[in-house]
Amino acid sequence: MSETISDLSRRSFLKGSGALVLGIGLGACANDEAPSPAIVNANVDPGLVFEPNAFVRIAGDDTVTLVSKHMEMGQGPYTGLATLVAEELDADWAQMRAEAAPADDARFGNLLFGGVQGTGGSTAIRNAYMQMRQAGATARQMLVEAAAETWGVPTSEITVSDGRVRHATSGRESGFGALAEAASKRPVPETPVLKDPRDFVLIGKELPRIDTLAKSTGQARFTIDVYKDDMLVVMIERPPAFGAKVASFDATKALEVPGVVAVEEVPAGVAVYASETWTAIQGRRALSVEWDFSEAETRSSAEIKATFLEATRRAGEVAVEAGDVDATLAAAAAGDDVVYSEAEFTFPFLAHAMMEPLDGILEIDPENPKGVLATLASQGPGREHPHLAAEMGLPKEDVRFDIEMAGGSFGRRSTWDAHFIHELGSVFKAQPGGPADRRPTKLQWTREDDVRGGYYRPIVAHRVRGAMDRAGRLVGWDQTIAAQPFRPGKTSGIDRTIVEGADNLAYATSNLRVTQHLMPTGVPTLWWRSVGHTHTGFAVEAFIDQLLEAVGQDAVEGRLALLGDKPRHRGVLERAAEIAGWGRRPEEGTAFGVAVHESFGSFVAQIVEVERARQPVDRPKVRRVWCAVDCGVPVNPNVIRAQMEGGIGFGLGATLYSEIHLDEGGLVRESNFDRYKNLRIDDMPEVEVAIIRSTEDPTGVGEPGVPPIGPAVANAWRRLTGQAVSQLPFVQEV
């Protein structure tokens with residue numbers, strides 16, 4: 001069965017339940033399974049059990065469930081999307097629930113990803129803003145019509161607020177659940193009327209996150225919590241260097257570990273099958289494996305970084321060019337009426353290091369013995385679905401995904417090559433016995449697996465040349481970036497994920513050039529939270545700050561002058577300066593730093609107060625951060641504020657400490673949080689966030705909080721110590 005928002009004949013009914021299902025997509029069915037544990041905040045039993053099949057589901061007990069097409073990994077789409085639905089439905093926030101949608105591009109595609117289902121790029125609210133409002137408005141109109149018909153009154157006399165449907169004249173009143181069955185028989189409106197934003201009740205309000213209770217009480221379920229009857233847990237012994245292969249292995253001692261049931265070679269390494277996780281770990285430790293390094297990446301990260309930096313000293317492939325950059329900068333360097341400067345910046349490999357490492361379960365589909373059911377947290381189920389079908393040799397219709405919440409991701413659960421999906425399929429197929437005997441199989445990575453052998457934010461090198469006159473006008477800008485492309489095999493053409501944040505330089509100049517070198521290595525790389533902006537934001541904001549200081553311009557006023565035609569940049573910068581009290585003298589031993597950056601359509605400015613800490617090493621100690629964000633209509637300020645705070649902490653950890661080192665032979669030095677250090681709680685500064693009230697379409701907040709913090713700290717550090725920062729992290733050895 002399928003349905004659309006405009007097709008009454010294809011809407012779904014929940015059999016005998018008095019519940020209404022609204023499908024703003026395709027497909028609807030009911031079953032008798034237990035409620036999905038992915039339902040969060042499910043402290044009220046709805047008395048109903050139905051397979052999620054649409055964005056809005058109203059139960060007999062008045063609960064309203066958002067079926068979220070975007071995975072929840074901490075960034076808040078359950079809350080944001082539910083807010084949009086609740087606003088147009090005029091629901092009470094307390095009656096809202098959320099659960100994950102299954103993999104299905106037709107129903108749950110990301111409208112900014114060409115209809116492919118996926119979560120990333122801070123697009124959840126941006127792509128679904130009107131779609132979710134429409135879903136809520138559709139439900140509201142059908143409830144109103146049902147009430148009017150039931151009570152024999154005009155629809156124009158029906159009102160809805162706080163989850164109650166009312167007719168003032170007769171004094172009649174009903175919850176949603178009592179009207180659900182009648183509403184489900186109404187035609188689905190093709191063009192439901194949306195609210196004027198001036199009438200918003202919930203959008204823009206400080207609503208609590210819908211998943212906080214479940215997560216804080218341990219009720220929320222993640223893949224790592226899922227165990228199936230008769231399930232095998234698999235750990236793979238992986239190569240010690242990227243590109244190394246299994247030469248031979250001896251499983252004798254591993255098979256002696258009680259609970260280890262098999263050891264098999266798979267494309268990713270040697271897989272140990274066991275009855276539970278700890279046994280699998282013990283069995284893996286008992287393995288003896290010889291590796292073939294003939295095709296491995298054996299260079300150290302220092303060697304790779306040096307190669308990249310050298311490349312930036314040559315002309316690269318042009319991403320953007322305007323004016324005569326070479327002549328302008330040559331004249332500037334030879335004259336004394338303008339300040340000419342050059343700087344180089346290098347950035348290390350970074351791991352995603354999320355709290356819940358990669359994991360997933362594959363089993364024979366209980367509902368379809370010809371097919372398989374995958375249970376995992378995936379940022380890209382639309383992309384991974386065909387990969388798993390190909391790995392299993394099955395048609396897509398015989399491959400089903402059950403999406404769980406993720407214990408963090410930062411981009412790690414979204415890959416071009418769906419490598420984890422292929423691993424999951426390969427270990428499922430390689431288990432002993434024939435296809436009919438295959439047991440549910442959980443593939444579990446450890447954090448050590450991911451830090452040593454995962455996909456990294458690549459090493460990047462920048463070289464920037466620029467000139468500024470004494471009045472603070474930017475005369476010319478030339479920036480060359482050398483980086484590894486995320487997409488394997490790409491050797492030419494501009495990779496926009498490398499130059500983003502630099503090719504759209506916000507500061508006015510008539511002479512601008514940004515070029516790029518693609519530098520493939522044998523190390524797999526991947527999007528990392530805020531992607532190219534992690535390094536372009538730093539290089540641009542650190543260098544412009546140096547130029548402004550060199551010509552005697554104030555860091556905020558100088559930027560504002562250069563941002564003359566960028567009102568949203570100016571808006572956040574002025575607001576951050578206002579709440580920070582910019583212009584006051586810093587306390588003895590401290591300095592202020594500032595940065596402003598646009599990423600993913602959102603604008604963020606941050607001002608930091610930094611002191612110099614000398615123990616255990618000389619480094620900046622960030623006391624306070626003042627942050628202003630303009631992300632269009634602020635759907636939920638509570639979530640926006642949390643994302644800014646989280647982005648600041650995430651970015652500050654990378655600024656101060658995080659680095660993956662490839663040592664001699666390409667062996668990774670780090671393995672867990674003891675060596676791959678992130679921000680610790682005592683390093684987290686006080687953060688004040690100001691949200692710009694805007695009528696622009698909403699954009700994302702999961703990533704834009706990250707880019708400004710690094711350069712803001714670096715700029716403060718330079719003022720404090722006189723030392724310009726040319727490489728991250730600050731603390732080279734933890």
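How many bridges join E9 to strand E19 (residues 441-444), and in which sense do the two strands run? The two strands run parallel and are joined by 3 bridges. The model is predicted: local features need pLDDT of at least 70, side-chain atom pairs count only at pLDDT 80 or more, and totals for chains, interfaces and linings use all residues. Residues are numbered from 1 along each chain as its sequence is written, and side-chain values use heavy atoms, with hydrogens and water left out.

View 1. Helices (H or I, at least four residues) and strands (E, at least two) are DSSP runs, numbered from the N terminus. Two strands pair if DSSP finds at least two bridges between them. Val233 has Lys442 of E19 as its bridge partner. With strand E12 (residues 269-274), E9 pairs in the antiparallel sense over 5 bridges, and Val234 stands opposite Tyr273 there. Strand E9 (residues 232-237) is largely enclosed by the rest of the structure, because 5 of its 6 residues are buried (under 20% relative accessible area; exposed is over 50% and partly exposed in between, with a 1.4 Å probe and protein chains only).

**View 2. The open sheet E6-E7-E8.** Its 3 strands stand in this order with antiparallel pairing. Strand E6 (158-161) and strand E8 (172-175) are the edge strands, each pairing on one side only. Neighbouring strands are turned by 20° against each other on average, direction ignored; axes are lines fitted to C-alpha atoms, for helices over the stretch in contact, and angles run from 0 to 180 degrees between N-to-C directions. Between E6 and strand E7 (residues 164-167) there are 4 bridges, and Val160 has Val165 as its bridge partner in E7. Helix H4 lies across E6, E7 and E8, running at about 85° to E8.

**View 3. The packing of helices H3 and H4.** The axes of H3 and helix H4 (residues 176-184) are 8 Å apart, at an angle of about 85°. H3 is therefore roughly perpendicular to H4, a class that covers 65 to 115 degrees, whereas angles under 35 count as roughly parallel, over 145 as roughly antiparallel and the rest as oblique. Contact means heavy atoms within 4.5 Å; among the residues making it are Met142 and Leu143 of H3 and Phe176 and Leu179 of H4.

**View 4. Phe176 in the largest nonpolar core.** A nonpolar core is a set of buried Ala, Val, Leu, Ile, Met, Phe, Trp, Tyr and Cys residues joined through side-chain atoms within 4.5 Å. Of the 86 residues in the largest one, Met96 and Phe176 touch the most other members. Helix H3 (residues 124-151) gives the largest share of this core, 13 residues. Leaving aside neighbours within four places in sequence, the contacts of Phe176 include Ile58, Leu89, Leu143, Val160 and Val165.

**View 5. The loop residue Tyr676.** Tyr676 lies in the loop between helix H17 (637-656) and strand E26 (686-691). This residue is buried, with a relative accessible area of 1%. Beyond neighbours within four places in sequence, Tyr676 is in contact with residues including Leu350, Val451, Ser658 and Glu670.

**View 6. The open sheet E14-E22-E21-E20-E15.** The 5 strands have mixed pairing. E15 and strand E20 (residues 460-469) pair in the antiparallel sense over 10 bridges, with Ser341 opposite Gly466 in E20.
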